[in-house]
Amino acid sequence: MPITLTVNGQNRTLDIDPDTPLLWAIRETLGLTGTKFGCGIAQCGACTVHVNGKAERSCTMPVSSVDGATITTIEGLASGGVLSHVQQTWLDTQVPQCGYCQSGMIMAVSALLAEKPHATDADVDASITNICRCGTFARIRRAIQSLTATSEGGA
Amino acid sequence: MGKWTRRAFIGTGALAGGGFVLGVTGAIVAPSRHSVRSDDAESTGELNTWILVTPDNIVTVLIPHCEMGQGAQTALAMMAAEEMDADWNLVRIKEAPALDAYANAYIGRAFLSVPGPLERGFDYGTYRLARLAGLQITGGSLSVRSTGHYGMRVGGAAARAMIVAAAAKQFGVSASECAVANSRVTHAVSGKSATFGELAKAAVKESVPSHPALKDPNAYTLRRTAQPRRDLRSKVDGSAIYGVDFTTAGMLHAAVEIAPVFGGKLVSVDTAAAEKMPGVKRVLKLDEAVAVVADTYWQARKALATLEPQFDDAGHGAVSSATIFDAFDKALGAPPEMPSGATVVKADYRVPFLPHATMEPMACTVKVTGDRAEVWAGTQDPLNSRSTAAKALGISATAVQYTNLALGGGFGRKLPGYHDFVDMTARIAKVMSPAPVKLIWSRETDMQHGFYRPAAMARFAGALDAAGVPLAASCFYAGGGDGESTFMPYAIAEKNAKAREAKHHVRTGPWRSVLNSQHGFFKEAFIDEMAHAAKKDPFEFRRDLMTEHPRFKAVLEKVAAMAKWGLPLPRGEGRGIAITESFGSIVGQVAHVAVSPDGTLKVKSICAAVDCGDVVNTDTATAQVEGGIMFGLAAAWLGEITIADGRVAQSNFHDFKTLILSGAPLVQVQFIRSDAHIGGLGEPAVPPVAAAVTNAIFAATGVRIRSLPIKNASLLPA
């Protein structure tokens, strides 16, 4: 049975093994490689995407379980070449080092701030559990604080 | 960041200045390294090895180092642009391709002081050797301090001189009367001026000066400023292509399971059922692994999971972390002897194996076509990756076209000699030829088949006189070490460190800061124990012993001031200090920790003062120190690979824990500009972290941690 998804605003029909994790459907079937493979067991968060607006780790989520869902990936955050508020703040703060985990970080932070524009440090600590091995945490913290300090939040 | 593809297909060809020349005096005269240009230099606008200027007024800097998060490509381009007086907005960065012409040239300079008259021959000789060995390394915190300092500056200055010479001819004036700013040459008296682009075609015909005049650092306008990295837009919008992201027409996907015990071989595997699974093209028996090749990666993974391969253990099945440390303990024997009558301090220190655990698991794509091949990956040495693939395929390196992609972390895992995943992909792709094959290691494979930071053990003894003045501080150590481990900046009459051998079968390799990571901890934790035994403040104890090392003293005093050393803290909190030198840079750190009554650790802040001589890009320099601190803290607090039954016990991020945002301290970084040679920054912030934090825990609780990671210790007061 084909699976239908709305990905970054486009309707897509996928005729693949229903067990395939959403991550690999996004990366290989849809060719959107900005979403990264890091662990395959929902521990590191590199594969974070939005499923119906909620941050989810796509590497352990069978594509069959999200049939009909609306998916946003890192490629879908910018609009007409204009970066989202979170992405632009990430760039202004020069957060990424190798950059591999940052798609997932940005997706996780975007979802959190959409829900809680003025998230506290405690909210952030509880919610942003993604792994970064380069050690960009000081700048991630600074970028989030500058986002929560503004009235628009992360929207 | 763009890759240089135009000339990649032209091949290595004949290169101008391609050999040592016998000069008129009979002396061997080498061409200058930066004068090596391809035959089509005039059409490409190649003023010298590193600098291209084209009629569109764009300066392109070719960077012979990869980008793995350290920001070196931007910093190196800044060093060249500064000397050229180029408009930074008109400068483009391209990673040099995996061609012999871009082999390492200047790395030897970081280790040897070369007299002026020999510099040219030394750099050219290094380049010829690197060509021969196929080395194009990014590592050792070397990019800025070697290639930047000796290559990019000189290449930039040479390009500027060539452009000015061309301008002077065109204007009919003397070159010395021309001024350069913002990619434009101006002759003030005549009012004539021309852009770099307008002069490009004439400049490329000028000879490449071997010793162009370099800028006085006081005149820098671009260096010592904060410039955004040019590659970061692609790393916030998802468009950057890492090794794992590469795709090409007709590409198949491979997944592997490798013999779990290092050195083990595949004994048997029943492949029949897996071969019939959807999408599976082939199940391959490799010497040390079984591989499934399928249409998609998930199909390959799913089929692989159904296999039950049998591997042998190469005779190492009884080895564990306990047996390895027992062997270390035996090799170390009695502690170093201390003078009689002194107060003697003795302590053993241990650190575990550590994985690089780059966020991007090992990944590579290879396409074999007849007796040629194309290879794509993100590694720390394109030329070595190329020759690794060539060797696996039994063809010459020049028959392999290698393209380096973005690296999702390196930390030493992707240095030459550690490209086992490239070798493995080539072997699989050879069988599947002509189909291209992408191999992605699972996190489990990555975690269990690394080249680990060596586990190590040190046995210290130190002696103090009645007044608390240290007389001796010596150690034996096992598990890895070298000369850099022995240095202490302290005026102690008797200082020794001697390696004792105790071999094991676990694969080890360079890990961010290499052996400094163990010895930085050992030495700076032990000196803290000596300060305590001397009943002295740990900062003052160190400072008073730094009389012969004013740079160390300045760093120590600076970081103590930053951290408000000595200001009283609440009960359960403490500060710890540590200082190390590595890769040409001195880093002092003060950690501030809080230990709750139930023994829970919080690292509140870490301050760092850094003397790396001078700073190129102030923002990326700061980022490297911040990142190094977090990387070092993740290791000291949580990081541990243990060996059981000859294999790695951990398999993924659920049982190999590492730092996340909630555990990350506030970080404050300041630089000291000294007259010292410019130092590296990718690694030097790592070594002091473990000691700064454990010394802070001691200050807070009285618990002295001598075995890492910290998470294994109880922090409840004894």
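**Reading the model step by step**

Author: Start with one residue. This is a predicted model. A:Thr48 is found in strand β3 (residues 48–51) of chain A.

Reader: Is A:Thr48 buried or exposed?

Author: Count the neighbours. A residue is buried if 20 or more other C-beta atoms lie within 10 Å of its own. A:Thr48 has 31 other C-beta atoms within 10 Å, so A:Thr48 is buried.

Reader: Which residues are in contact with A:Thr48, leaving aside neighbours within four places in sequence?

Author: They are A:Ala55, A:Glu56, A:Arg57, A:Gly104, A:Met107, A:Ala108 and A:Asn130. A:Thr48 and A:Arg141 are 93 residues apart along the chain, and their C-alpha atoms are separated by 18 Å.

Reader: Now helices. Which residues of helix α5 (residues 196–203) of chain B are buried?

Author: First the general idea. An α-helix has 3.6 residues a turn, so residues three or four places apart point the same way. Now the case. B:Phe196, B:Leu199, B:Ala200 and B:Ala203 are buried in α5(B). They lie on the same side of α5(B), because they cover an arc of only 135 degrees around the axis.

Reader: How do strands pair?

Author: Strands of a sheet pair through backbone hydrogen bonds, either parallel or antiparallel. Here is a parallel case. Strand β26 (residues 601–611) of chain B pairs with β29(B) over 6 bridges. B:Val610 stands opposite B:Phe671 in β29(B). Now an antiparallel case. Strands β17 (residues 363–369) and β20 (residues 437–440) of chain B are joined by 4 bridges. There, B:Cys364 has B:Leu439 of β20(B) as its bridge partner.

Reader: What order do the strands take in the open sheet of chain B?

Author: The 7 strands run β13-β14-β11-β20-β17-β18-β19, with mixed pairing. β13 (280–285) and β19 (400–404) of chain B each have a single partner strand, so they stand at the edges, with one side of each left without a neighbour in the sheet. The twist averages 20 degrees from one strand to the next.

Reader: Where does α8(B) lie?

Author: α8(B) lies across β11 (252–258), β13, β14 (289–294) and β20 of chain B. It runs at about 30 degrees to β11(B).

Reader: Step back. How is chain B divided?

Author: Into domain 1 (7–233), domain 2 (243–314 + 362–440) and domain 3 (456–712). The centres of domain 1 and domain 3 of chain B are 38 Å apart. Contacts join these two: 22 residues of domain 1 of chain B meet 19 residues of domain 3 of chain B. That side of domain 1 has 8 nonpolar, 10 polar and 4 charged residues.

Reader: How many residues of chain B are in contact with chain A?

Author: 48 residues of chain B are in contact with 47 residues of chain A. α16(B) gives the most to this side of chain B, with 8 residues. By class, this side of chain B has 25 nonpolar, 14 polar and 9 charged residues.

Note on methods:
Residues numbered from 1 in each chain as written. Chains lettered and ligands numbered in written order. Predicted model: local features only at pLDDT ≥ 70, side-chain atom pairs only at ≥ 80, totals over all residues. Helix = DSSP H or I, 4+ residues; strand = E, 2+ residues; numbered from the N terminus. Buried ≥ 20, exposed ≤ 12 C-beta atoms within 10 Å, placed from the backbone. Contact = placed C-beta atoms within 7 Å. Domains from an automatic or database assignment. Nonpolar A, V, L, I, M, F, W, Y, C, P; charged D, E, K, R; others polar. Pairing = 2+ DSSP bridges. Arc of directions from axis to C-beta. Axes fitted to C-alpha atoms, helices over the stretch in contact; angles between N-to-C directions.
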